[in-house]
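Hi there,

Here is the model we talked about, with the sequence alongside. Have a look through it, and my notes follow below.

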Amino acid sequence: IMDDVRATTDVLLAQLHQQLRSSIQLPACLKVIGLLRRLAVYSEHELRVTFLRCRDAWLMSALDLLATQSPYA
């Protein structure tokens with residue numbers, strides 16, 4: 001049972017990280033952070049770093065899309 005719980009937790013973490021790497025609104029973002037806190041996988045400092053890394057990944061992908069689109073867009 002413990003192996004199943006760990007596997008499920010890993011899948012949940014990956015999905016939450018993916019949500020933070022996408023274009024989400026602030027309420028959804030706060031909900032994801034709340035879920036990550038409840039999982040107690042990260043310390044407060046690690047949680048902040050993880051949040052910033054995920055959001056940075058989203059921002060960099062958004063900037064890459066701007067570079068390939070029309071300059072008028």
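**How two helices pack**

Helix α2 (residues 26–39) packs against helix α3 (residues 44–68) at an angle of about 145°, and their axes are 11 Å apart. Please keep in mind that this is a predicted model. The crossing of α2 past α3 is right-handed.

On the α2 side, the residues in contact are Cys29, Ile33, Leu36 and Arg37, and they meet Glu44, Leu47 and Phe51 of α3. Sorted by class, this contact between α2 and α3 has five nonpolar residues, two charged ones and no polar ones.

**Charges and rings**

Side chains of opposite charge can pair when their charged atoms come close. The count here comes to three salt bridges. One of them joins Arg6 to Asp3, with 3.5 Å between the closest N and O atoms. Both Arg6 and Asp3 belong to helix α1 (residues 2–20), where they are three residues apart, about one turn of the helix.

What does the charged end of Arg55 sit over? It sits over the ring of Trp58, 4.5 Å from the ring's centre. As for aromatic pairs, the structure holds zero.

Definitions and conventions. Residues numbered from 1 in each chain as written. Predicted model: local features only at pLDDT ≥ 70, side-chain atom pairs only at ≥ 80, totals over all residues. Heavy atoms only, no water. Phe/Tyr/Trp six-rings, centres within 6.5 Å; stacked < 30°, edge-to-face > 60°. Lys NZ or Arg CZ within 6 Å of the ring centre and 35° of its normal. Axes fitted to C-alpha atoms, helices over the stretch in contact; angles between N-to-C directions. Helix = DSSP H or I, 4+ residues; strand = E, 2+ residues; numbered from the N terminus. Left-handed = near helix turned anticlockwise from the far one by under 90°. Contact = heavy atoms within 4.5 Å. Nonpolar A, V, L, I, M, F, W, Y, C, P; charged D, E, K, R; others polar. Salt bridge = Lys/Arg side-chain N within 4 Å of Asp/Glu carboxyl O.
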